[in-house]
Amino acid sequence: MNIEIKDLHFTYPAGVEALRGISLNVPAGEQVAIVGQNGAGKTTLVKHLNGLLLPTRGQVLIGGWATTKHSVAKLAKQVGYVFQNPDEQLFSKNVGMEVAFGPRNLGFNSEQVQSLVNDALAMTELSGKTETNPYDLSPTWRKMVALASVIAMDTPIVIFDEPTTGQDAMNITRIAHVIRALRERGKTVITITHDIDFCAENFERVIAMAQGKVLLDGKTNEVLQQDEILATTYVDPPQLTRLGKKLGFKNTVRNQEEFLAELKNNYTS
Amino acid sequence: MHERLSFFVKRDSPIHRLNPMTKVVLALSLVLIAFSSPWYWTPQAIFLLAIIPLTFIARVVKEYWSFFLKVILPTVSFLFVMQALFLPGESRIIFEIFGLEVTELSAQLAFRNATRIAVMVSSFTILLLTTHPSELMSDLTRRGLPGQFAYVIIASLQIIPQMQAKAQTIISAQRSRGLDTQSSFFRRVGAIVPLVGPLVFGSLVEVEERAIAIEARGFTSTRAKTSFHEIPDPSSERVIRWLLIFLVIISLALKLWLS
Amino acid sequence: MAIVNLQNITYKYPLTDVPVLKNINLQIEEGQFAAVVGPNGAGKSTLCYTLAGFVPHFFKGELTGSVEVAGMESSQSTLDEWVLNVGLAFQNPFNQISGAKYTVFEELAFGLENIGVPRDEMKARVTNAMDLTGISDLANRSPYSLSGGQQQRVALASILVMQPKVLVLDEPTSQMDPIGTREVFGVIRKMAEQGMTVILVEHKVEWIAQFADRVIALRDGHILLDGTPSEVLTSPILEESGFGISRYTSVARKAQGLGLWKRDRLPVTLDEAVEGFSLSPSVPSSSQSLKGGGEQLS
């Protein structure tokens, strides 16, 4: 399920030109993070992937399907979208029914739905909470319910909108595990995030946006190397990248493993 | 974001400059006189001789007439037709349709009642067009309206439109989970719970925080409140208000006396 | 002089069985900048509410122990008095905007109107608060037309006009983008530098490490650790208990295991990490000049 975006322009009804010519491809199975300050157009861009927004000019193709030719409900079979605030999604009596909502809408039969729900709950550590009312859970666990609700839809592409905002370290770890599990299943994962450390540690490709355009697009280490351009998006580089730079490392590092490897190299050199 | 606040239109006019209480008393007086006066032509007279001139003096002609054509006229026309067809009373039949009769009496009463409603809605429309909600509530609070009451009204004016944005997000989120909002009627009825549910529950979650936030700013303080805006209340206006009240009393008295 | 004195505080929300705060003992000196860290559910927000008087006066429930803040005592003072001395701000700026006012200036004056401050003083306090938070140019805008960072600064300013003696902030940057975070931290720092007693709940450890005088680690309603940022944030207990710690600390700990970090103390800030790693032999000399000095390598 490839994503192709061709010269995408989008202007809101009120007149704001939010996207000014975006062209990029995301092959199936890739993990991409989109960074940039608020107003850069990140959310506007990903809303085109499931048809919530349609291009003013240009094309968006999901697995060859033009988003203009299919309803959002239809595209939901290919693209799952986890919104930022779980309280804007949760409404069911219990967690089990909430998570079943998505797959049921997609037309799976009850056996399949059950199996998908169980799988999603296991991935999000919610297996024991099927009968609990989502609003009886803490915000931390409500977030996981929202994640499970979309995972259960078993879409080849999953979009996360600011998954780590307001989460504590343990939940961020859980979310990182979920993303890794999705990667192992060959899913395409696209994330919008302000948390550059989370981005650097979990994503192979980074797209930096500003004012409706793509400024940088490439492998994480390469993008992180371009600090002057990154600075224009008001995104601070990850902690370890900064440290590596100050210590004069030859290569840009993006996580602890790479940092330690570089450190060791400097010893042996 | 477009900052059109409910009805209020910012302009400089003699009406705008009046103290909010004076405008409230004026609106109420026009309504009470229109409803109570024994003279048949009162509502019509008020409409022609008070309401219409007021829209010019207050310089809100365009806004008022736009609202009139879109809301007031259709509503009172509908009321007129309904009343004309269904009000009982023995008199000459002037019109008949599908077995329903319009008599002279019913037509007269319908016309009077419809005009009364038009006067009522128009008075308050002019009030709202010329008075900033904040000022209105401040003034009423100063005169004894409970602070919480005023708060609920004002906050609703601002927070409800903001909640519309939230509702949009909820709709997007549920559509992204395959909720079909465009097909048959029954499917759409079934879509109500997933759309309204989060709006209600989510808002309840936020209500507590909101209550704490205003509490933290002394909202329930028992001290005497002060007001940032000075709202002048010249004695001339006080006289006008008493005059209006006097007219209302006369109107009511006449009605009682003549009935 | 301790401006905050919590003794043996245990608190249970109404209709619950498990106390959210368990035997908390906490003293904070006037002018101190104390950060509170902990996983979600640890009781951080409840602690904030206790400091701000909302526990128990707003939430009711069962509170045992003594709470003394800014000369007030929990059982003696009402919430009315409490909010005059302790300011409280939290995560979501949208919920902190009253909705009752149409401009930022009036929004800031709202609290002062409620407590009966005379008009001239109101103007002075509002102007001052806007200067402190850098929002003077937003005075005539509608609070709802602002960005997240601007809204949060309006929320902070509307608390600062009340001239509290203690400022309690519950994750004020959690929902901000990088610019908003910077703006909000800028205001908090300024208040702290001016001598305000600040209690800040935060997940962004790197920032706390640089500016807080003290860090309190809370878990399951208990205070696990209480000390300087360096002491607390480098403690192995934090990493084991699932707290967020700075990557500098974490990577240095691993490096220590490999013999690549020679110092006794682990770093919490970027500068400490640079300094510590630069002392390791065989690191290219360009990094030495960055630090400008430091010990000679043998």
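Modeller: Welcome! One definition to start with: axes are lines fitted to C-alpha atoms, for helices over the stretch in contact, and the angles between N-to-C directions run from 0 to 180 degrees. Helices (H or I, at least four residues) and strands (E, at least two) are DSSP runs, numbered from the N terminus. The model is predicted: local features need pLDDT of at least 70, side-chain atom pairs count only at pLDDT 80 or more, and totals for chains, interfaces and linings use all residues. Residues are numbered from 1 along each chain as its sequence is written, and chains are lettered from A and ligands numbered from 1 in the order in which they are written.

Colleague: Thanks! Let me begin with the helices of chain B: are α2(B) and α5(B) roughly parallel or roughly antiparallel?

Modeller: Helix α5 covers residues 104-130 of chain B, and its axis is 9 Å from that of α2(B), at an angle of about 175°. Angles under 35 degrees count as roughly parallel, over 145 as roughly antiparallel, 65 to 115 as roughly perpendicular and the rest as oblique. The two helices are therefore roughly antiparallel.

Colleague: How many nonpolar residues are in the contact of α2(B) with α5(B)?

Modeller: Two residues are in contact if their C-beta atoms, placed from the backbone, lie within 7 Å. Among the residues that make this contact are B:Ala27 and B:Phe35 of α2(B), and B:Met120 and B:Leu127 of α5(B). Ala, Val, Leu, Ile, Met, Phe, Trp, Tyr, Cys and Pro count as nonpolar, Asp, Glu, Lys and Arg as charged, and the others, Gly among them, as polar. With two polar and two charged residues beside them, the nonpolar residues number ten.

Colleague: How far apart are the C-alpha centres of the two domains of chain B?

Modeller: The bounds come from an automatic or database domain assignment. For chain B it gives domain 1 (14-131 + 230-258) and domain 2 (146-215). Their C-alpha centres are separated by 36 Å.

Colleague: Which elements of chain B give two or more residues to the side that touches chain A?

Modeller: This contact draws 20 residues from chain B and 20 residues from chain A. The elements of chain B with two or more residues on that side are α7 (147-175) and α9 (192-215).

Colleague: Which element of chain C gives the most to the side that touches chain A?

Modeller: Here 36 residues of chain C are in contact with 31 residues of chain A. At least two residues each come from α8 (178-193), α12 (247-257), α13 (270-278) and α14 (286-291) of chain C. With six residues, the element that gives the most is α12(C).

Colleague: How many residues does domain 2 of chain C bring to its contact with domain 1?

Modeller: In chain C the assignment gives domain 1 (2-240) and domain 2 (247-291). Their C-alpha centres lie 35 Å apart. Domain 1 brings eight residues to the contact, and domain 2 brings six.

Colleague: On to chain A: which of its elements has the highest mean pLDDT?

Modeller: pLDDT is the predictor's confidence in each residue, from 0 to 100. Chain A averages 93, and 99% of the residues score at least 70. Helix α9 (residues 227-232) of chain A has the lowest mean, 86, while the highest, 97, belongs to strand β8 (residues 188-192).

Colleague: Which strands stand at the edges of the six-stranded sheet?

Modeller: The order in this open, mixed sheet of chain A is β6-β7-β8-β3-β9-β10. An edge strand has a single partner, so one side of it is left without a neighbour in the sheet; this holds for β6 (79-82) and β10 (213-219).

Colleague: Last one: which residue takes a positive phi in the hairpin of β1(A) and β2(A)?

Modeller: Strand β1 (residues 3-11) and strand β2 (residues 17-26) of chain A are antiparallel, with seven bridges. One bridge joins A:His9 to A:Arg20 in β2(A). The hairpin has five residues between the strands, and the positive phi, near 110°, is taken by A:Gly15.

How values were computed
Pairing = 2+ DSSP bridges.
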